[in-house]
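Thank you all for coming. Please have a look at the chain on the screen, and I will walk you through it step by step.

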Amino acid sequence: MHDSYCEFVLPFGSSPKLLEQYTNVHGGIRTGKLMEHLDSLAGSISYKHMLGPGVENLGKIEDTGFYIVTASVDRLDMLSQLDPSRDLRLSGQVIYTGKSSMEVAVTMQTIGMGREEETVLLGRFSMVCRDAARHHARDVHPLIISSPEEQLLYSMGEDMKKRRQSQALRSLSRVPPSSVEAEDLHSFYLKYGQNPKGPEDRVWMGDTKLESCMLMFPQERNVHLKIFGGYLMRLAYELGFSNASLFMRGGHVRFLSLDGIRFAQPVPIGSILRLTSYVLHSTSSAEFPMIVHVAVTANVVDVETGNELTTNEFRFTWCRDDSPAVVPRRTVVPKTYKGAMLWLEGKRALEIGDEIRGLRTNKHEQYRVNSNHEC
C-alpha cells in the first residue's frame, strides 16, 4: 500500500507570489483550484500503483497499454478552514483495489509556522483502469497488506465501495422514497408548497437555476486528450459557489463538503460545455444558521443538432458562517415531482454530512491518526 504514496507541498506561507495565484475575494484560498490538484494527485497515485514506485514519467499511453480515469469522487470533507499563512501539503495513497478499480484516499494538511500539523480535508476518489487499445476494463494489481494500520485503511476502502453500491441501489431514480421520506415531503409541501406567506422566504427550486456556457480549449486537456476532470471540478465548484452565495444573500459562505461527483462521459476538446446549477435543499443547524446543498450538471452540447449529453454530475454543500441575526431565512421549495425527488436527494446528502461532522467531532483524534498514516 505504501508504494503508491504521493505528496506535494504548496508553499503559501513562504511564497507570496504563489499565494496571489490562489487567493479568493475574501483573502482565503480558492478551493476550486485545490480540487484540480486533488484530482491530478489521485491520478498520479493510481499510475504509481500500476507502474511501481520507481517510475518518474508516465510515457505514452500506447506504450503503457492502459490508462486510468476518475470514475467518481465519493466525498471531500472540509474539516476546518484553510490558513493562507501556512504551507499546504496534499497527499494520498491507494487503500483498496477491486478487479479493475482503485479507492484512493487523499488529505490536505496545513504545515509550518512552528505549529502542529492540522488535517483540513479528507477525501476519496474511485479510479478505474482501462485497456488502451480496446477501452475495456483492465485488471489492477492487488494490494499487499503489511501492517494492522494498512488493514484498517483497506477495510475502510472496502466499506466505501460497498456503501457506494448500496447508495446506487437506493437512488430515487430507481426506487421510490421510503415511507418516512414521503411523509417528510408531504409535511414540507403542506407547510411551504401551499402557503406562500410562511415564516420564511419561499424560493421555488426552478428559480435558483444558474448557468454558464463555454468552449473547451486544448490547454485544459489531460494525458488522454480529453478535458481534465480536475478543471471540470473547479468550474462546477465556482458555479455552485456563486449559486449558494446568491441564495444565501452573500455573507461569509463556507465550503463544507463535496458530496459526490459522477463522471459519466469524457468531455472532448473543442466541445461546448453547458453547466447548470440548482439549489436542491436548504436547512439550518445548531452550528450553522443556513446550509444549502447545490447540484451542478455538465452537458456537452452538439452545435449542429442542439442535443445535449450529460457528462458529469456534481453535488456540493455550503453554509453561511455568520451570526444567525444577520442570516436571511430562506427555504428552497420544489414545484414538480422531479424537483421533489431532487429535494429528497439533497436532504439525504445533508443528513450524511451531519453524521460525518458528528463523527469527526467525537472521533477527531482517530481520524487525524488515520489520515496522517504514512508507511
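The UniProt record, which is an unreviewed entry here, places the feature "domain: HotDog ACOT-type" at residues 8-133 and 206-324, and please keep in mind throughout that what we are viewing is a predicted model. Over residues 8-133 the chain is 25% helix and 41% strand, with the end C-alpha atoms 32 Å apart. For residues 206-324 the corresponding figures are 16% helix and 45% strand, and there the end C-alpha atoms lie 26 Å apart.

Let us turn to the sheet. In what order do the strands of the open sheet run? There are 10 strands, and they follow the order E1-E3-E4-E5-E2-E8-E11-E10-E9-E7, with antiparallel pairing. Strand E1, residues 6-10, and strand E7, residues 210-215, stand at the edges, and because each has a single partner strand, one side of each is left without a neighbour in the sheet. From one strand to the next, the twist averages 25°. As a reminder for those new to this, strands of a sheet pair through backbone hydrogen bonds, either parallel or antiparallel. In our model, E7 pairs with strand E9, residues 272-283, in the antiparallel sense over 6 bridges, and if you look for Ser-212, you will find that its bridge partner in E9 is Leu-275.

Now for the helices. Helix H6 packs on the sheet, where it touches E2, E5, E7, E8, E9, E10 and E11, and its direction makes about 45° with that of E9. Helix H2, residues 31-51, lies across several strands, among them E1, E2 and E3, and runs at about 45° to E3.

That brings me to the interior. In soluble globular proteins, nonpolar side chains tend to be buried together. Here the largest nonpolar core has 88 residues, and those with the most contacts inside it are Leu-76, Met-108, Phe-125, Met-233, Phe-316 and Trp-318. Helix H6, residues 229-247, gives the most to this core, with 9 residues. Apart from it lies another core, of 5 residues, among them Leu-256, Phe-288, Cys-319 and Leu-350. Going back to Phe-316, its contacts beyond four places in sequence include Met-35, Met-233, Tyr-237, Phe-255 and His-293.

As for disulfides, the count comes to 0.

Definitions and conventions. Residues numbered from 1 in each chain as written. Predicted model: local features only at pLDDT ≥ 70, side-chain atom pairs only at ≥ 80, totals over all residues. Heavy atoms only, no water. Core = buried A, V, L, I, M, F, W, Y, C linked by side-chain atoms within 4.5 Å. Buried < 20%, exposed > 50% of the residue type's maximum accessible area, 1.4 Å probe, protein only. Helix = DSSP H or I, 4+ residues; strand = E, 2+ residues; numbered from the N terminus. Contact = heavy atoms within 4.5 Å. Disulfide = S-S within 2.5 Å. Pairing = 2+ DSSP bridges. Axes fitted to C-alpha atoms, helices over the stretch in contact; angles between N-to-C directions. UniProt positions renumbered as here; feature names shortened; annotations may be inferred.
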